[in-house]
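This report describes a protein model in terms of its secondary structure, packing and charged pairs. The sequence and the coordinates are shown first.

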Amino acid sequence: MIEPATLNVRVTAQGMTARYEYDLRVGSTVGESPPLEMEYTVEVDPELVKGCRARIDAALTKAADAQSVPEPGLVKELARWGKLLYDQLFPRVQGNAAELVTRLHASTGPVLVRTNEQEVPWELLHDGRDFLGLRHDLGRRMVGKRPVVGGRSISRVGRALIVGDTIGDLPSAREEVAKVAAWLGGRGIECKVLLGHEATVLDVVTELASDETPYDLFHFCGHVATGDGTTGLMMHGRQLLGAVALQTLSSCGAPPVAFINGCASAGGGEVASMCMSFMSLGAKTVVGTRTEVADEGAWQFAAEFYGRLLAGEPAGAGVRAARAALRERPDAAWASFILYGDPAVGITKDETTESPQLPEPHDEDMMIALAPDARQLMQRVYESAADRGGVASVDLLQGLLGEEDIRQRIEGSIGADAMEALDQVIDQVLRPPSRADGDSAADGDSGTDGDGSSTGTGLGGVLSDTVNRVFTEAATRVAADGRSTITTADITAAFVAVGGGVSARLLELCGVPLARLLPDESSLDPSSLDPSSLDPSSLDPSSLDPSSLDPITPVQDTLEDDSPALPRDPAPLNGDERLPMDDLSRSAVGIVRLANLLADGRGEVISTYTLLLAFGAMGSEVLRRGMHEQGATGERAFRQLSGMLTPRRRDLSPRVHDVLDQARRRSAAGRTSSGRVGEAAILLALLEDEESSARELMRKLGIDPEQLIQALGRAH
């Protein structure tokens, strides 16, 4: 094991200046640290430090404000103040500070900053190359006079307490609670959620103080406040959960991992004491926020960090990776999070060769809570999937088809014969494939989720990616409605909303639209529909090779398109030649090309269904006028058709979000003749980003981006 390099920083006031005393203990093999270390002393202007810190916090606060427009040069601004602060704290002109800088640059491992200074944003110091929080796995350890509880180590996260929206004024916090609980629950972690009136100081302390089934992780999203000299997490009734209340945990210790997402939960002064309170009570890893963080950015950071931590990476590496993953976000969420604790400490993953056992579907295993009907549904699903060690979307589909109302609805649509064929197809897909040489089905089972990430066969892979998304969506819907339990109807609606995974293709083979699972198809979000059309009579279950659909395992929920496809003309009209399009109008060319992209993504030829879908996605005025002649029904149908391919916000990269925001600002500023955002505005914003790959593409095509910008500006 390699110890982290430790930068000890002791700060003492010296009249108008402050004295910073440094010593850097470079990481080495445990037990082989050198006997002596060089000390460095620097005189620093505390007002300049405070001013740089204020500018950094102001920039982060502005970026996180959903009502404001993020500045495109935010990272450069942070680097500016971070570099100024770095040069003040490590000046080359004082004593031997230059040697300290050289040694710090040479250190490539994790770095622990051990200090009594809370004002300095160490993570955002910029050495001229990059921010320290992105160059190193960086952690903090505050030096104080508080007694410290030893705490406990864990080999895995088994239980988590999640608290949020305690006074009912933060719907975004309630949504974050649902997402975190769904994400952790889907990885085999038992989650207890306290929202609103359930989250009193007494209730939270009672849960944390339980030594029979202690919590390994505590996640909070809500207000952090100071009142009557006490700083704490705001609970229901505006009670503050502070250091005095938390001292109840001194005998059992705080959860080893704590994530405090609150307004300035890791900031300077008294507010930082909340993270310190958990550390002094034995927490090994505490993540807090310097300033308020945008909702989506906070959730994405938590998911990235938790994913790394549960995979066995050290806490410092997890935080650093989360910062890097979110660096391009306009809300600058990456820059606000702080890690307290040794960056080299992590969770040692359990190693076991035993086949994983599926847990009973208790409420906490999933997310907020399951209503009785949903618990019965999941009981059937778990029992069906027990011999495979995991739940895939087809398992969930089979469970939903066991619901009387859903089954009657589908059978009434396709007939009893086709329904029986669908049952046979599902049975064949779920049947474990035969193995040669006596190999068991469990041997070597591993794979990838839909995003290509390996999850293995441990409890962390109990639910496939699609099923995880289903429960995340269901929990989000429940939280948005202000309810506390997930019903079968919520699960069904979420299953349709996320696209159904492999199951959508199986339904397609039998001519069943995914929306048929719902009692009212018109309530479906059109963007979640999956193009499909096959005559159910053409499906012969006996001729379907289950191996072409891939065996369903806890970590496989994708489908190669080897299943029966639409009939193709044995003599293609054009072979491999490009389709002649000179006689088509510009709009018609665009529609055909979009249809080609849609079909190519599905591994199919362009069908009439896909071509019509492209007409709708392009907002064909001809189609709109024709459909509107049929009155309200036609108007509603056109809105549904034209909205099918509208991307969700999560489908866009941060840079594309910036491009669209910039284009909208141009239009709002009256730079266009109409109120709508036109192509020129979007292209200008796209090409003005000097670091975008769009400019590089233009250069590869032999086009000067600046000349193109000028031409677009004249047209705009």
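## Basis and overall composition

The model is predicted, and local features need pLDDT of at least 70, side-chain atom pairs count only at pLDDT 80 or more, and totals for chains, interfaces and linings use all residues. Residues are numbered from 1 along each chain as its sequence is written, and side-chain values use heavy atoms, with hydrogens and water left out.

The protein contains 26 helices and 14 strands. Helices (H or I, at least four residues) and strands (E, at least two) are DSSP runs, numbered from the N terminus. Of its 716 residues, 46% count as buried; buried means under 20% relative accessible area, exposed over 50%, and partly exposed in between (1.4 Å probe, protein chains only). The accessible surface amounts to about 34200 Å², and carbon and sulfur atoms account for 50% of this surface. Accessible areas come from the Shrake-Rupley method with a 1.4 Å probe, and for residues only the protein chains shown count as cover.

Among contacts between residues at least 6 apart in sequence, 70% join residues at least 24 apart. Contact here means heavy atoms within 4.5 Å.

Three strands form an open, antiparallel sheet in the order S9-S10-S11. Strand S9 (224–227) and strand S11 (240–242) each have a single partner strand and stand at the edges, so one side of each lacks a neighbour in the sheet. Neighbouring strands of this sheet are turned by 50° against each other on average, direction ignored. Two strands are taken as paired if DSSP finds at least two bridges between them.

S9 and S10 run antiparallel and are joined by 4 bridges, with Val224 opposite Leu233 in S10. These two strands form a hairpin with 2 residues between them, and Asp228 in the turn has a positive phi of about 55°. Gly232 stands opposite Gly242 in S11.

Helix H8 (residues 273–280) lies across S9, S10 and S11 and runs at about 85° to S10. Axes are lines fitted to C-alpha atoms, for helices over the stretch in contact, and angles run from 0 to 180 degrees between N-to-C directions. Phe278 is located in helix H8 and counts as buried because its relative accessibility is 0%. Leaving aside neighbours within four places in sequence, Phe278 is in contact with Phe218, Leu233, Leu246, Ala254, Ala258, Ile260, Ala283 and Val286. Leu246 lies 32 residues from Phe278 in sequence, and the C-alpha atoms of the two are 8.1 Å apart.

## An enclosed helix

Helix H18 (residues 502–509) has 8 of its 8 residues buried, so it is largely enclosed by the rest of the structure. Just after H18, Gly511 takes a positive phi of about 75°.

## Salt bridges

Side chains of opposite charge can pair when their charged atoms come close. The structure holds 21 salt bridges, a salt bridge being a side-chain nitrogen of Lys or Arg within 4 Å of a carboxyl oxygen of Asp or Glu. The table gives three of these pairs.

| Pair | N to O distance |
|---|---|
| Asp127 and Arg135 | 2.9 Å |
| Arg327 and Asp130 | 3.4 Å |
| Lys179 and Glu296 | 3.2 Å |

The salt bridge between Arg327 and Asp130 links distant parts of the chain, 197 residues apart: Arg327 is in the loop between helix H10 (315–325) and strand S14 (337–340), and Asp130 is in the loop between strand S4 (111–115) and helix H4 (132–135). Arg327 counts as partly exposed at 25% relative accessibility, whereas Asp130 is buried with a relative accessible area of 17%.

The salt bridge between Lys179 and Glu296 also links distant parts of the chain, with Lys179 in helix H5 (residues 171–185) and Glu296 in helix H9 (residues 295–310), 117 residues apart. Lys179 is buried, with a relative accessible area of 12%, and Glu296 counts as partly exposed at 32% relative accessibility.

Asp127, the partner of Arg135, counts as buried at 9% relative accessibility. Elsewhere, Glu123, Arg140 and Arg290 are linked in a network of salt bridges.
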